[in-house]
Amino acid sequence: MDIKKYYLDANALLEGHFLLSSGNHSNYYLQSAKVLENPKIAEILAQELANAIIKYNIKVDCVCSPALGGILAGYELARALGVRFIFTERVNGVMNLRRGFNINIDEKIIICEDIITTGGSALESAKCVESFGAKIVAFAALANRGFCKRVDSNITSKIECKLPNNIPFFALEDFIFEMFSPSECPICKSGSIAIKPGSRGN
Ligand code: ZN
């Protein structure tokens, strides 16, 4: 399955000259929400992710996503796995379980994001549901930015990765982009000016 093609076709994988929030420049940018704009595509991608999880015989009762970014991917993954779905959200900066969602003791939960960069929000979501007695059986994302090692990929975890290395992490694809400091950016040297992704009519 050509995951990158789905992202390109949905304008979720942008090529150009981008100023990232880190201050670095890159010639690619992932606009994750765009690939989920079409529910049929979301369904296909989530089914592919579910297949990988089922193949590894991971037993799961529930999918949980950190709001807002992970919700669509997590909901579709829960549908594909035939389990329930909940989400955590930040209240005054702290990840919380609200809206009447309950967790059973020892309930097996997969934390799902649309994209994992360092996995910070996914980890916060995991800690939140663990505090209610859940057991985290896997982390999952449609896209992996290449900082964390995922099942079926030979990239190694970088120091920035916050996901625990004793719990499997499933993703469809690694999206590893070269980043440049502005002073050393070869695209700048060619005369082009970096733009903030989304700054052209969002
Ligand atoms: Zn540049």
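**Notes on the model**

1. Glu 15 stands opposite Tyr 28 in β2. The two strands concerned, β1 (residues 13-19) and β2 (residues 25-30), pair in the antiparallel sense over five bridges; pairing requires that DSSP finds at least two bridges between two strands. Five residues lie between the strands of this hairpin, and Gly 23 takes a positive phi near 95°. Strands (E, at least two residues) and helices (H or I, at least four) are DSSP runs, numbered from the N terminus.

2. On the basis of these notes: this is a predicted model, in which local features need pLDDT of at least 70 and side-chain atom pairs count only at pLDDT 80 or more, while totals for chains, interfaces and linings use all residues. Residues are numbered from 1 along each chain as its sequence is written, and side-chain values use heavy atoms, with hydrogens and water left out.

3. The zinc ion has as its protein donors His 17 (NE2), His 25 (ND1), Cys 185 (SG) and Cys 188 (SG), at 2.0 to 2.4 Å. Donors are N, O and S atoms within 2.8 Å of the metal (3.2 Å for Na, K and Ca), and sites may look incomplete because water is not among the atoms. The angles among the four donor atoms run from 94 to 118°, and the site is tetrahedral (for four donors, all angles between 85 and 135 degrees).

4. The spacing of the zinc donors in sequence is H-x7-H-x159-C-x2-C. Distant parts of the chain are linked here: His 17 is in strand β1 and Cys 185 in the loop between β9 (179-180) and α5 (186-189), 168 residues apart. His 17 and Cys 185 are both buried, where buried means under 20% relative accessible area, exposed over 50%, and partly exposed in between (1.4 Å probe, protein chains only).

5. The structure holds one disulfide, defined as a pair of cysteine sulfur atoms within 2.5 Å. Its partners are Cys 148 and Cys 161, with sulfur atoms 2.2 Å apart. The link is right-handed, with 110° about the S-S bond. Both cysteines lie in the loop between β7 (135-144) and β8 (169-174), so the pair ties together parts that are 13 residues apart in sequence. Cys 148 is buried at 0% relative accessibility, and Cys 161 is buried at 16%.

6. Cys 62 is buried at 0% relative accessible area, and Cys 128 at 7%.

7. Cys 64 lies in strand β3 (residues 62-66) and is buried, with 0% relative accessibility. Its contacts, not counting residues up to four places away in sequence, include Phe 85, Phe 87, Ile 110, Cys 112 and Val 129 (contact means heavy atoms within 4.5 Å). Cys 64 and Phe 139, 75 residues apart in sequence, are 9.7 Å apart from C-alpha to C-alpha.

8. Arg 150 is in the loop between β7 and β8. Is Arg 150 buried or exposed? Arg 150 counts as buried, at 10% relative accessibility. The side chains of Arg 150 and Asp 174 are joined by a polar contact of 2.7 Å; the term covers a pair of N or O atoms within 3.5 Å, where within protein one must be able to donate a hydrogen and the other to accept it, and residues adjacent in sequence count only if both atoms are side-chain atoms. Leaving aside neighbours within four places in sequence, Arg 150 is also in contact with residues including Asn 144, Phe 169 and Glu 173.

Conventions. Tetrahedral: all angles 85-135°; square planar, octahedral: opposite > 155°, others 65-115°.
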